[in-house]
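Reader: I have a chain to go through with you. Can we take it question by question?

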Amino acid sequence: MSALVYQFKYTPTEKLPPSDITVAFILSVMKWQAFCNLQPNIYCFPPNIISPQVPRKIQEGIQKMLGEVGKILQDYINSLGRDFIEVLISKGYKIAGPFKNFEDMTFKEKEQYPLVLSCETFLIAKFVDKNRFGDSVVYGTYPWGIEYCAGSYRFEGELLLNVNIKVTLFESLTKEKMIVKEISIPVQPSFYKYLIYVDEEIRVDPTTGTRFATLKEAKFLEGDDQRPQVLAKALESIYPLQLDQFSKIFDPKEIEQAKTDAEKVRKIRGYSEG
């Protein structure tokens, strides 16, 4: 894979006076799926030759590509957590944590910080191959009579990306939700291409007369797989918009009301005197 170029960065646009409200921040978590349309027929080389399954080396190349995708997504979620905190600070709130998860908070900390913020990101990235071109593939016959094909196939497709962020502000002792909102930015399909080099022998089943291909070599050409970079750029394009929406959620009046509601919930449940 060629070196990826991307940056997830956001600078808050406002700076509000300090608030007396402290928000306990739980590190952002993400549930994600990234997959390709592993259809055996699209990886038949050459066309119309029987190939019962996706070749093992092709599967290995796809897993390597998805490994790059995983690194991008880890950078993305880490950046979200960092910039969520920057937005809260710019709003004047004090930050407790960040905590790895809710269970990581002690009872004393839960007593001390009535408001806890949790952000969950749900992401699905689907790479859908649309076209295949074999312009540089050479067909021929060895002197001993076996047909072969060798060369590079160019694949073109589109990335379908869906990202939703669930933002929940809840009271720490009862876990009663004060604010629940969703950040969802529409993402237009992005287009990509990649190259696969193949070297195959084409044989004929003597019993059935069916032509089939025996794969000698198949590999993704390094530096020519655009899929990880296309995903990174798609996330990069929606990143500031997601942070803008997150900033709007933390309207000072609404958060002040959430704090008041949290204190009422504690009194009703018997967690505070008064």
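Reader: How are helix 1 and helix 3 oriented to each other?
Author: Keep in mind that this is a predicted model. The axes of helix 1, residues 56–90, and helix 3, residues 227–249, cross at roughly 15°. Angles under 35 degrees count as roughly parallel. Helix 1 and helix 3 are therefore roughly parallel to each other.

Reader: What is the handedness of the crossing of helix 1 and helix 3?
Author: The two axes come within 11 Å. The crossing of helix 1 and helix 3 is right-handed.

Reader: How many nonpolar residues are in the contact of helix 1 with helix 3?
Author: Sort the contact of helix 1 with helix 3 by class. There are 4 charged and 3 polar residues in that contact. The nonpolar count is 16.

Reader: Which element gives the most residues to the largest nonpolar core?
Author: The largest nonpolar core has 65 residues. Among those that touch the most other members are Tyr76, Leu117, Leu231 and Phe246. The top contribution to this core is 14 residues, and it comes from helix 1.

Reader: Which residues does Leu161 touch, not counting residues up to four places away in sequence?
Author: Leu161 is one of the residues that touch the most other members of the largest core. Leu123, Leu231 and Leu235 are also among those residues. The partners of Leu161 are Leu123, Ile124, Ala125, Val187, Leu231, Ala234 and Leu235.

Reader: How many residues are in the other core, the one with Phe170?
Author: This core lies apart from the largest one. Its members include Ile26, Ala96, Phe99 and Phe170. The size of this core is 9 residues.

Reader: Is Ile72 buried or exposed?
Author: Ile72 is found in helix 1. Beyond its neighbours within four places in sequence, Ile72 is in contact with Leu4, Tyr6, Phe8, Pro228, Ala232 and Leu235. Buried means under 20% relative accessible area. At 0% relative accessibility, Ile72 counts as buried.

Reader: How far apart in space are Ile72 and Leu16, C-alpha to C-alpha?
Author: In sequence, 56 residues separate Ile72 and Leu16. In space, C-alpha to C-alpha, the distance between Ile72 and Leu16 is 32 Å.

Reader: Is Gln59 buried, partly exposed or exposed?
Author: Gln59 also has its place in helix 1. Its C-alpha is separated by 54 Å from that of Pro18, 41 residues apart along the chain. With a relative accessible area of 36%, Gln59 is partly exposed.

Reader: Which peptide bond is cis, with omega near 5°?
Author: Most peptide bonds are trans. Look in strand 3, residues 94–99, where Pro98 has its place. The cis bond runs from Gly97 to Pro98.

Reader: What is the phi of Lys175?
Author: Most residues other than glycine have a negative phi. Lys175 is not a glycine, yet its phi is positive. Lys175 sits in the loop between strand 6 and strand 7, and it is partly exposed, with a relative accessible area of 45%. The phi of Lys175 is about 65°.

Reader: Is Asp135 buried or exposed?
Author: Asp135 lies in the loop between strand 4 (115–133) and strand 5 (138–141). Its relative accessible area is 64%. Exposed means over 50%. Asp135 is therefore exposed.

Reader: Which residues is Asp20 in contact with, leaving aside its neighbours within four places in sequence?
Author: Asp20 lies in the segment before strand 1 (22–26). Asp20 is exposed, with a relative accessible area of 55%. The contacts of Asp20 are Lys94, Glu256 and Lys259.

How values were computed. Residues are numbered from 1 along each chain as its sequence is written. This is a predicted model: local features need pLDDT of at least 70, side-chain atom pairs count only at pLDDT 80 or more; totals for chains, interfaces and linings use all residues. Side-chain values use heavy atoms; hydrogens and water are left out. Axes are lines fitted to C-alpha atoms, for helices over the stretch in contact, and angles run from 0 to 180 degrees between N-to-C directions. Helices (H or I, at least four residues) and strands (E, at least two) are DSSP runs, numbered from the N terminus. Angles under 35 degrees count as roughly parallel, over 145 as roughly antiparallel, 65 to 115 as roughly perpendicular and the rest as oblique. A crossing is left-handed if the near helix is turned anticlockwise from the far one by less than a right angle, and right-handed if clockwise. Ala, Val, Leu, Ile, Met, Phe, Trp, Tyr, Cys and Pro count as nonpolar, Asp, Glu, Lys and Arg as charged, and the others, Gly among them, as polar. A nonpolar core is a set of buried Ala, Val, Leu, Ile, Met, Phe, Trp, Tyr and Cys residues joined through side-chain atoms within 4.5 Å. Buried means under 20% relative accessible area, exposed over 50%, partly exposed in between (1.4 Å probe, protein chains only). Contact means heavy atoms within 4.5 Å.
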